[in-house]
Amino acid sequence: MSTQSRKGHDFTIWLFLASFCGLAILIFFLWYQAEAALPDMVGRVLTAEEKRQVIDRNSALVSYVYLTVNGDFPRKEKIKKITIHHMAADLTLEDLGASFAKRDRRASANYGIDSQGQVGLYVEEANRAWTSSSEENDNQAITIEVANDEIGGVWHISDAAYEKLIALCVDICRRNDIEKLVFTGDCNGNLTLHKMFSGRTECPGPYLESKMPEIVRRVNQQLAVEKAW
Ligand SMILES: [Zn+2]
């Protein structure tokens with residue numbers, strides 16, 4: 001190798017090393033920025049006092065809190081909608097939290113309801129959950145995952161879960177100034193379903209889907225009564 005070509009060779013190696021270091025620094029910087037942008041209370045066990053503060057900012061119906069990092073903080077739009085999902089499983093609130101804790105699943109919901117009718121909070125209402133295969137919808141919607149007490153078939157949910165779902169919808173509407181729920185069967189209403197945004201899912205299943213007109217009627221009835229007061 002001549003002196004000239006060795007110099008050229010050395011230069012290429014140094015250039016390669018410098019690019020590599022530059023790229024590593026850039027990746028570290030981007031990662032650090034993303035982590036720093038996460039709210040303090042996500043991805044960890046909360047103290048009793050922190051849990052109380054979080055519930056105060058969300059629904060008082062909540063009994064379990066685990067705030068996942070899977071979300072956008074804060075949401076980009078005002079809350080105008082509710083989107084109902086099913087778990088396609090009969091998970092406890094803790095198990096649902098554990099599944100949302102997995103970053104590579106890239107999934108979450110604002111709320112979950114188990115088959116006993118208990119409510120869990122996973123993404124605060126001020127933030128956007130990753131639930132409905134639609135960024136646009138989830139930026140406007142509070143999303144709720146409901147446990148199934150039948151796996152397969154019509155994906156039935158328990159009466160306790162159903163009653164709590166109605167109570168939670170009323171509470172969400174009341175605190176977010178949603179005057180009434182409208183189910184149009186497509187994404188134009190303010191009560192939407194996961195399957196409206198993805199051809200790859202039947203979520204929330206036939207049973208819950210058949211209940212939409214009744215959910216709208218019962219939620220709006222309660223909202224109208226409160227308004228009359
Ligand atoms: Zn879903």
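The protein chain is divided into domain 1 (1–37) and domain 2 (48–228), the bounds coming from an automatic or database domain assignment. The C-alpha centres of domain 1 and domain 2 lie 47 Å apart. The model is predicted: local features need pLDDT of at least 70 and side-chain atom pairs count only at pLDDT 80 or more, whereas totals for chains, interfaces and linings use all residues. Residues are numbered from 1 along each chain as its sequence is written.

Helices (H or I, at least four residues) and strands (E, at least two) are DSSP runs, numbered from the N terminus. Strand β7 comprises residues 141–146 and is mostly covered, with 6 of its 6 residues buried. A residue is termed buried if 20 or more other C-beta atoms lie within 10 Å of its own, exposed if 12 or fewer, and partly exposed in between, with C-beta atoms placed from the backbone. Both faces of β7 are covered, A141, T143 and E145 being buried on one side and I142, I144 and V146 on the other.

Strand β7 pairs in the parallel sense with β3 (residues 81–86) over 6 bridges; pairing requires that DSSP finds at least two bridges between two strands. Within this pairing, I142 of β7 stands opposite I82. Strand β4 (residues 111–113) also pairs with β7 in the parallel sense, over 3 bridges, and I144 in β7 is the bridge partner of Y111.

The largest nonpolar core contains 41 residues, of which I82, I113, I144, V146, L165, L168 and C169 touch the most other members. Such a core is a set of buried Ala, Val, Leu, Ile, Met, Phe, Trp, Tyr and Cys residues joined through C-beta atoms within 7 Å. Two or more residues are given to this core by each of β3, α3 (93–101), β4, β5 (119–121), β7, α5 (159–175) and β8 (191–193). The largest share, 8 residues, comes from α5. Leaving aside neighbours within four places in sequence, I113 is in contact with V119, I144, V146, A147, A161, K164, L165 and L168, contact meaning that the C-beta atoms of two residues, placed from the backbone, lie within 7 Å.

M41 lies in the loop between α1 (3–37) and α2 (48–57). This residue is classed as partly exposed because 16 other C-beta atoms lie within 10 Å. Not counting residues up to four places away in sequence, M41 touches L46, E50, V54 and L67. M41 and L61 are 20 residues apart in sequence, and 20 Å separates their C-alpha atoms in space.
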